2 protein chains.
Amino acid sequence: MERLIQKIIQGDKRSVAKAITIIENDLQEKYDLLQHLYLHKRRAHVIGITGAPGAGKSTLVDRLIQEIRGEGLKIAIIAIDPSSPFSGGALLGDRVRMQKHATDSGVFIRSMGSRGTLGGLAKATKETVRILDMMGNDLIVIETVGVGQSELEIMNVADSTVVVLNPGAGDSIQAFKAGLMEIADIFVINKSDLPGTQKLYHEIELLIETTKQKAEWKPPIVKTISTEHQGIIELWTSLQNHFSFIKEKGILDRQRREDLAKEFEEILHQFFQHQIEQWKKQDTYHVIMDQIYHQKLNLIDVAKQTYQQLINEKNE
Amino acid sequence: MERLIQKIIQGDKRSVAKAITIIENDLQEKYDLLQHLYLHKRRAHVIGITGAPGAGKSTLVDRLIQEIRGEGLKIAIIAIDPSSPFSGGALLGDRVRMQKHATDSGVFIRSMGSRGTLGGLAKATKETVRILDMMGNDLIVIETVGVGQSELEIMNVADSTVVVLNPGAGDSIQAFKAGLMEIADIFVINKSDLPGTQKLYHEIELLIETTKQKAEWKPPIVKTISTEHQGIIELWTSLQNHFSFIKEKGILDRQRREDLAKEFEEILHQFFQHQIEQWKKQDTYHVIMDQIYHQKLNLIDVAKQTYQQLINEKNE
């Protein structure tokens, strides 16, 4: 493990990939690895990019990589795959295109799929961010599709969240409204050569005015045409401005402290879950559950007894 | 509590509302209430209805209520509000329209908003379903917006899930693909008088053919025009067929056993969380977290010690 950590710090991509696999698969070594990760002070700027399928997120990320690499910064991408195997070809195509950066030693790309629970993916993303930070990346970009509650949870991992919209996408604002304003630090109108750009701009402006009246940070709206590399520098500048803002205001510090506290509790629950799993291996488990199912035992009573039992066991 | 339970069983709407509030707000009485709920054998058919905003779900539910009430069955609706206060007027308007059924003693309607975590809403929905079942409803309809992962979790509470699509909604199939086939037991093409209906029908048919080749249940596709009450009887028949199918195949039984086992574990974790909350009230908590933040203590080591401590405390 010490050697793996050393290699991660040296920026060895294969070791980083191995560490992420350990995290994702919840392997035995996970806590060993985490033990090292939590001793590393976080430094990287974590950027979240979200928007509807087809909004042009991958191309935007691609152009942003070009821009940032030009400044000699190291960058890592986490591409979150939708939860289902039916993710479609377009998405995959974009990501394959993005792989051209994969041969650049200053760019690391990793796809993550949802395994098991939703919370599981957000947690794995958070831990992967720690690995990529330790690897020495200056920027870590998390790209997700859509802005459902699941994406909101993943976007919570980001310091700066970019919401990508398109003009003329009909009900996009309507559909995205819920939760949108809560996470967006920067709006991007991509494909801004299409008709409807001004209309969308004013809609977003209005939303910001009505909901962010007293906010110290008013999300800028950046117009881009990523296929023509337009607006990318403006986006990059906005991202840097936002990161400076949250650092100066102590927002970043507070957020990272809260993250740690939450992660701490999650780990306590994981320890507890391990103990539950052991208990479930007993023969009596199925007998008890069967009796609960047939209303012969009360679930709450049994839970209370089991809890006491689990807690006392450790003491022997 | 005994009286509250009695009144719920008698179908008293005010008592049901009160019980749901207890569940939602995680009040002290919650476990008392659950204790009774878990002794009630579930009987109602739980139907989930989901689809994009504007797909016509509320109108569809409205017409379905009319149909089902005509057969003298009791029905309850849980309308899940999006997580944000920016849910827009249209949605609200639909729900107000639905309230015309609220004066019918055989119809109970409740809106639920997302409070706190996502998992929290799915859990509250599950417990609300138990209350509504105890109330004597034959059908419980859960209506959500969109098919993100959050809605998938909520839809897991349903026995039969209906996915509502519209013709000509552009990339809807594309956007919904992920996760769609996993939850859809019945497809509805609403507004099926619009152009593009046949195209959408064939797209769905193809999806079913390619992904459900070996499945025993192939989701039927029902065309409706809910504003004109067309296709509602067909939808109701499909729902009944699906419920019979999962009962006969033992799927419902297995699902409800698995639900119970999951709920049991969740309750154990809640007990544990209560203990964590107590521990967090100590002065040392903030000192420890501060040291973890500054890499002076290792989060994993502290978590291990804390876990031992939490577990031993109870024994005194």
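Guide: Helix 2 of chain A covers residues 13–24, and its 12 residues reach 16 Å from the first C-alpha to the last. This is close to the 16 Å expected at 1.5 Å a residue, the expected span being 1.5 Å times one less than the number of residues. Helices (H or I, at least four residues) and strands (E, at least two) are DSSP runs, numbered from the N terminus.

This is a predicted model, in which local features need pLDDT of at least 70 and side-chain atom pairs count only at pLDDT 80 or more, while totals for chains, interfaces and linings use all residues. Residues are numbered from 1 along each chain as its sequence is written, chains are lettered from A and ligands numbered from 1 in the order in which they are written, and side-chain values use heavy atoms, leaving out hydrogens and water.

The buried residues of helix 2 of chain A are S15(A), V16(A), A19(A), I20(A), I22(A), I23(A) and E24(A). Buried means under 20% relative accessible area, exposed over 50%, and partly exposed in between (1.4 Å probe, protein chains only). An α-helix has 3.6 residues a turn, so residues three or four places apart point the same way. Just after helix 2 of chain A, D26(A) takes a positive phi of about 55°.

Two residues in helices of chain B may be considered next. T128(B) lies in helix 6 (residues 118–134) of chain B and counts as buried, at 0% relative accessibility. A polar atom of the T128(B) side chain lies 2.7 Å from the backbone oxygen of A124(B). Apart from residues up to four places away in sequence, T128(B) touches I20(B), I78(B) and M112(B), where contact means heavy atoms within 4.5 Å.

Q270(B), in helix 11 (residues 251–280) of chain B, is buried with a relative accessible area of 14%. Neighbours within four places in sequence aside, Q270(B) is in contact with K30(B), Y31(B) and K123(B). With the side chain of Y31(B), the side chain of Q270(B) makes a polar contact of 2.7 Å. A polar contact is a pair of N or O atoms within 3.5 Å; within protein, one must be able to donate a hydrogen and the other to accept it, and residues adjacent in sequence count only if both atoms are side-chain atoms.
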